[in-house]
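Student: I have a chain open here and would like to go through it piece by piece. Can we begin with a helix?

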Amino acid sequence: SKRNVTNYEFTPKSIIFPSDATSSYPTQVKTYLDKYNLTPELCSKHLIMWSPYRERLCFPFFDDTGLIGWQGRSFNPDKPKWYSQGDLKSILHILGTKQTNCLVLVEDIVSSIILSQLNLYKTSPLFGSHLAIQRLQRYRLFGFYKFILWLDKDKEKESLKYSYKARQLGYDCVSLVTDKDPKDYDKETLKKYLTERTKCTTLN
């Protein structure tokens with residue numbers, strides 16, 4: 001069934017979610033969703049919708065005031081892959097139901113959604129590879145004191161640099177570097193990576 005979203009529902013701070021957003025996806029988008037096991041239930045839970053006008057798969061982000069931003073992924077090679085509205089650098093989009101003080105930080109929203117299904121730790125996307133100390137300070141306000149910074153191989157230097165800097169300032173932060181993004185691994189492999197990375201640290 002289609003789910004349409006009107007502009008007046010999502011308009012705080014001049015951030016406008018596409019008015020034609022729907023849960024009816026083109027074949028190419030369905031293939032993408034299937035690849036990452038983004039089931040209809042998960043898409044409904046996270047309000048992942050398709051905008052025919054913008055030709056983007058849209059991921060909205062909320063706080064207590066309402067919509068504070070969204071990202072749209074294009075499948076057209078002639079367009080930038082990602083488009084966003086809102087100050088993503090300031091958004092703390094925390095996913096997962098596990099009661100824990102450990103947070104897994106990843107680059108992208110899809111990886112964060114997938115990791116949140118493991119119910120091992122809570123997760124949050126950085127919307128990139130940069131980890132600012134101010135961001136860690138804000139996460140602490142939500143009760144998180146331990147961090148796993150998970151970046152792929154091409155961001156290994158950044159991962160080691162940011163986690164080292166965080167530890168120098170008293171944060172319990174370790175790096176996890178893999179060949180691919182978390183979203184490109186199956187659940188058992190994800191669990192294995194997290195278990196192996198944490199068993200010899202204070203993150204247990």
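Tutor: This is a predicted model. In helix α1, residues 27–35, the buried residues are Val 29, Tyr 32 and Leu 33. Those residues lie on the same side of α1, because the arc they cover around the axis is only 95°.

Student: Which exposed residues does the face of α1 turned away from the buried side carry?

Tutor: That face has Thr 27, Asp 34 and Lys 35, which are exposed.

Student: What happens just after α1?

Tutor: Asn 37 has a positive phi there, about 55°.

Student: Now pockets. What volume does the largest pocket have?

Tutor: About 250 Å³. Its lining is made up of 14 residues, and those nearest the centre are Ser 23, Tyr 25, Thr 39, Pro 40 and Cys 43. Two elements, α1 and α2, each give two or more residues to that lining.

Student: Change of topic: what is the strand order in the open sheet of four strands?

Tutor: The order is β1-β2-β3-β4, and the pairing is antiparallel. β1 (49–51) and β4 (82–85) are the edge strands; each has a single partner strand, so one side of each has no neighbour in the sheet. On average, neighbouring strands are turned by 30° against each other, ignoring direction.

Student: How many bridges join β1 to β2?

Tutor: Three, with β1 and β2 (residues 56–63) running antiparallel. In this pair, Trp 50 is opposite Leu 57 of β2.

Student: Which helix packs on that sheet?

Tutor: Helix α3, residues 109–116, which touches β2, β3 (66–74) and β4. The direction of α3 makes about 65° with that of β2.

Student: Let's move to β7. How many of its residues are buried?

Tutor: Seven of the seven residues in β7 (146–152) are buried, so the strand counts as mostly covered.

Student: Which residues sit on which side of β7?

Tutor: Lys 146, Ile 148, Trp 150 and Asp 152 are on one side, with Phe 147, Leu 149 and Leu 151 on the other. Both faces of β7 are covered. In general, side chains in a regular strand alternate between the two faces of the sheet.

Student: How does β7 run against β5, parallel or antiparallel?

Tutor: Parallel, with four bridges joining β5 (residues 102–106) to β7. Leu 105 stands opposite Leu 149 of β7.

Student: What about β7 and β8, how many bridges there?

Tutor: Seven bridges join β7 to β8 (residues 172–178), and these two strands run parallel. Leu 149 is opposite Ser 175 in β8.

Student: One more, Leu 88. Where is it found?

Tutor: Leu 88 is in the loop between β4 and β5.

Student: Buried or exposed?

Tutor: Leu 88 is buried, because its relative accessibility is 10% and the cut-off for buried is under 20%.

Student: What is Leu 88 in contact with, leaving aside neighbours within four places in sequence?

Tutor: Phe 61, Gln 71, Phe 127 and Arg 135.

Student: And how far apart are Leu 88 and Gly 69?

Tutor: Leu 88 and Gly 69 are 6.9 Å apart from C-alpha to C-alpha, with a separation of 19 residues in sequence.

Key: Residues numbered from 1 in each chain as written. Predicted model: local features only at pLDDT ≥ 70, side-chain atom pairs only at ≥ 80, totals over all residues. Heavy atoms only, no water. Pairing = 2+ DSSP bridges. Axes fitted to C-alpha atoms, helices over the stretch in contact; angles between N-to-C directions. Contact = heavy atoms within 4.5 Å. Buried < 20%, exposed > 50% of the residue type's maximum accessible area, 1.4 Å probe, protein only. Arc of directions from axis to C-beta. 1 Å grid on protein atoms, 1.4 Å probe; cavity = no way out; pocket = protein on both sides within 12 Å on 5 of 7 lines; lining within 4 Å. Points joined across faces, edges and corners; volume = space filled by probe spheres on them.
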